[in-house]
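Please take a moment to find your way around before starting.

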Amino acid sequence: MNDSLPDLEKAKVNLETSSIPWAELQRFFAAGLAISVAEELDLVEVAYQFSRDNKTQVAQWLDAGLIGHVSDRQAGEWISANSSVWAVVVRPWVLVQASICAPTNSPR
């Protein structure tokens, strides 16, 4: 039964992810709480590790440059392009992934 607990927790995290216009996350960015997740990482797995407070794994991703605060340049590009991102909240952080950064008014 314990083997399925992480799967259930990841499923819950997955249900909490969504596509959202970057403009709606500006207050989190301004507060330094928006964390960019590289496209090659699984956003759900990263959120799960944050929620488990897995400092070792998070430090490895930070050191590898796979996660980090959203840069001013990136935030500006997303605003200019009216982009959406995949996002999930792991208090106090908002994890965002740019893999679907398309203008919010563009058809998919």
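Which residue in β4 does I20 stand opposite? The residue facing I20 is V85 of β4. Keep in mind that this is a predicted model. The notes below look at one helix and then at a set of paired strands.

**Helix α3**

- The buried residues of α3 are L43, V44, V46, A47, Y48, Q49 and F50.
- Those buried residues pack against helices α1 (4-15) and α4 (55-63), and also against strands β2 (34-37), β3 (67-69), β4 (84-90) and β5 (93-97).

**The two ends of α3**

- Where α3 starts, D42 brings a side-chain oxygen to within 2.9 Å of the backbone nitrogen of V44, and V44 is one of the buried residues of the helix.
- Just after α3, D53 has a positive phi of about 55 degrees.

**Strand β4 and its partners**

- In β4, 5 of the 7 residues are buried, so this strand too is largely enclosed by the rest of the structure.
- Strand β1 (residues 18-21) runs antiparallel to β4, and 4 bridges join them; I20 opposite V85 belongs to this part of the picture.
- β4 also pairs with β5, again antiparallel, over 5 bridges.
- V89 has V94 in β5 as its bridge partner.
- Together β4 and β5 make a hairpin, with 2 residues between the strands.

Notes: Residues numbered from 1 in each chain as written. Predicted model: local features only at pLDDT ≥ 70, side-chain atom pairs only at ≥ 80, totals over all residues. Heavy atoms only, no water. Buried < 20%, exposed > 50% of the residue type's maximum accessible area, 1.4 Å probe, protein only. Contact = heavy atoms within 4.5 Å. Polar contact = N/O pair within 3.5 Å; in protein donor to acceptor, adjacent residues only side chain to side chain. Pairing = 2+ DSSP bridges.
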